[in-house]
Amino acid sequence: MQGKMHGAAARQPSDSNRRIIETNGQPKRAYQVWKGNNIFFLGGRLFFGPDVRSLVLTIFLIVVPVVLFAVFVSQQLVNEFQHYLGNLIISIAIIFTAYILFLLVLTSGRDPGIVPRNPHPPEPEDVGEPSNLSADWPSSAPGGSGLPLTKDVIVSGVVVKVKYCHTCMLYRPPRCSHCSICNNCVERFDHHCPWVGQCIGKRNYRFFFMFVSSTTVLCLYVLAFCWVNLKKIMDAYECNLWKALLRSPVSGILILYTFVVVWFVGGLTAFHLYLICTNQTTYENFRYRYDRKGNPYNHGFVENVKETLFSKIPSSKNNFRAKVKEGSSVFTTSHNVGRVLSPDMPKRSVDLELGVKRQAVAAEELEDLQSQIGSSMGLERCGTEPPHLVGQKENFEITPDIQALSAEFGMEHGFSERRKVQ
């Protein structure tokens, strides 16, 4: 028996297990233990989606044409116009581009309106009165919690169904939806935009619309002055359009590029103008197809525009820099009602500032960790039999660290039975 205990004590914990044991109970920043798929910069001050790399392409598509316009086209316009007018054309293009990039950061680098997750499912008695529950009550959530999949709420006198989110363990507020890419519930969810690498929701929709519409204006601006440049060349050299294009090929390239892009961003601007005037989201428009009588959020053109573009932006419900104490649920990233997902489905929460990537413990390490915990307390398992004490029957104290780890890996039941035996 001593040889077995000596062999168990000699086993060295794996790197993942050692990190769990060493960091358990120590305070960390909220962004370091964030369960979504988001990426943080500057210690949690900037908040992006998992596809943040697409921002590089978006910035490239905006900046490079403006640089070509300023270097090749605008210089020719300076010579054609009066000196101050030519410089003004260049300045407007550069300043407006900087403004668009600022809007891009505001859209992509902030909390879009994430609803904080619940640490555990709500109790059935806390869901609401029976009259407020939908007819889907028998279709309860998995896990035996008895929670209905949907419930009814009243919005502007209209009954609206809200769904239960198994991942965030909450009933989503009206107009809220769970983004499968970011793995978060977002208030007034519009869509997940790959061009900005972020969800578009209640707190950044305004900036997204300003970004898209401003990009449309910039495309039209460059397109117009490229045509002006070609017209000036045609008048100065008394040539046709093709010869003018040979003298300024960059103007022709930018005309073609901006003409294609303006159909995309211009069409997107027009579509979102329609959504703003009718107080819809992209998600609602494609999923529900509201008519004039069926949209409970439509309060008329003026009120819709005021609510969407001029109302106060609510504060974030998440403090990503707040210090939190790691608990047993820190190392799991997605939950079902009443049960934790298998550890062989890892999720990553990446902190680029520290260069740290946290990943859920692999399934093959669980047995190693359980055996280490059991050996440190003098416990021994035999097949499927419950644990029993080896040696003297003494009272021992289970530390909070061991309790947290045992709760994480399903060993708490064994400990409770061990106390009953004593």
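**Close-up views of a predicted model**

**View 1. Cys165 and Leu170 in a strand pairing.** In this predicted model, Cys165 stands opposite Leu170 in strand 6. Strand 5 and strand 6 (residues 170-171) are antiparallel and share 2 bridges, where strands are DSSP runs of E of at least two residues, numbered from the N terminus, and two strands pair if DSSP finds at least two bridges between them. The hairpin that they form has 4 residues between the strands, and Met169 in the turn has a positive phi of about 55°.

**View 2. The hairpin of strand 4 and strand 5.** Strand 4 (residues 150-155) runs antiparallel to strand 5 (residues 158-165), joined to it by 6 bridges, and Thr150 stands opposite Lys163 in strand 5. Between these two strands lie 2 residues, and Ser156 in the turn has a positive phi of about 55°.

**View 3. Arginines over tyrosine rings.** Arg175 lies over the face of Tyr297, 4.1 Å from the ring centre, and Arg247 lies over the face of Tyr237, at 3.8 Å from the ring centre; a charge sits over a ring if NZ of Lys or CZ of Arg is within 6 Å of the ring centre and within 35 degrees of the ring normal.

**Notes on the model.** Residues are numbered from 1 along each chain as its sequence is written, and side-chain values use heavy atoms, with hydrogens and water left out. Because the model is predicted, local features need pLDDT of at least 70 and side-chain atom pairs count only at pLDDT 80 or more, whereas totals for chains, interfaces and linings use all residues.
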